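Here are my notes on this model. Please read them with the structure open.

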Amino acid sequence: MVYVGNTEALAKPITINTLAAKKRAGEKFITVALYDAPMAAMAEKVGVEVVLVGDSLGMTVLGYPSTIPVTMEQMIYHIEAVHRGNKRSLIIGDLPFMTYATEEQALHNAARVMRAGANMVKLEGGAWLANTVRMLSERGIPVCAHLGLTPQSVNKFGGFRVQGRAQEHADQILDDAKRLTDAGADLLVLECVPAKLAKAITEAIAIPTIGIGAGRDTDAQVLVINDILGLTESPPKFAKNFLIEAGDIPGALRKYADDVKSGVFPEDSHIFN
């Protein structure tokens with residue numbers, strides 16, 4: 001089976017209301033992190049609901065060892081490119097490291113991301129961001145929160161490590177998710193957390209969750225385009241090369257979408273327990 005999406009539904013742009021309705025209906029949706037116009041256009045044709053222009057571009061495109069060096073100018077450049085290639089998917093733009101340390105800074109940089117073509121901004125961090133999320137939401141800027149392994153904190157974590165395995169830490173992540181939801185977040189990315197915790201969070205909050213290395217019970221899955229196409233030299237546990245089975249790039253995107261929709265992906269080998 002190949003997922004091609006509902007033609008009538010795809011004729012309209014995806015909005016936060018579209019995604020909220022999918023969560024209520026128990027329908028999975030697809031997210032792909034990508035960085036240029038041709039891939040963005042391909043994602044639109046395949047029916048990918050959400051495109052994330054992540055600061056992961058620092059590692060996947062620019063050759064940095066982490067996301068820390070990524071600048072606002074680099075994010076704007078890639079968000080504009082993705083926007084030119086895709087008019088239907090909901091586009092999320094990351095705010096890079098130390099560009100939202102204060103509420104004033106967050107508002108200024110979020111406005112830049114939105115003007116570049118994003119429909120939503122993404123911030124990494126827990127309850128300490130609640131006031132910032134509330135402020136942005138009140139000013140009409142949709143927010144995607146990000147918990148678990150937050151790559152901008154890699155130096156604090158001591159590396160790219162699974163988060164929330166200890167009960168105390170799991171409880172904190174769940175509490176952060178609730179507080180950010182109450183503050184007005186519209187989506188929540190859960191990265192590299194145990195599947196049991198991701199399931200509990202997804203059931204506890206009203207907004208859709210997007211998992212990456214977070215089991216199969218989140219409302220959506222996200223993978224980086226480089227991992228979908230087998231371009232990562234040492235791929236993480238949660239990644240899968242869909243190009244091998246599909247044979248071409250459009251087919252790899254369709255295979256990824258189909259496997260998420262049908263529940264085939266992620267498999268047990270991609271899940272942290």
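1. Start at threonine 67. This residue sits in the loop that links α4 (57-60) to α5 (72-85). Is threonine 67 buried or exposed? Its relative accessibility is 2%, so threonine 67 counts as buried, the cut-off for that class being under 20%.

2. Next, the surroundings of this residue.

3. The mean pLDDT of the protein is 93. A pLDDT of 70 or more is reached by 93% of the residues. Residues 6-10 fall below 50. Beyond near neighbours in sequence, that stretch has 4 contacts in the model. Where pLDDT is low, the predicted coordinates should not be read in detail.

4. Now the helix pair. How do α6 and α7 pack? Helix α6 (residues 103-115) meets helix α7 (residues 130-138) at an angle of about 45°. Their axes lie 10 Å apart. The crossing of α6 past α7 is right-handed.

5. Which residues make the contact? From α6 come Glu103, Ala106, Leu107 and Ala110. From α7 come Asn131, Thr132, Met135 and Leu136. By class, the residues of this α6 and α7 contact divide into 5 nonpolar, 2 polar and 1 charged.

Key:
Residues numbered from 1 in each chain as written. Predicted model: local features only at pLDDT ≥ 70, side-chain atom pairs only at ≥ 80, totals over all residues. Heavy atoms only, no water. pLDDT = per-residue confidence, 0-100. Contact = heavy atoms within 4.5 Å. Helix = DSSP H or I, 4+ residues; strand = E, 2+ residues; numbered from the N terminus. Buried < 20%, exposed > 50% of the residue type's maximum accessible area, 1.4 Å probe, protein only. Axes fitted to C-alpha atoms, helices over the stretch in contact; angles between N-to-C directions. Left-handed = near helix turned anticlockwise from the far one by under 90°. Nonpolar A, V, L, I, M, F, W, Y, C, P; charged D, E, K, R; others polar.
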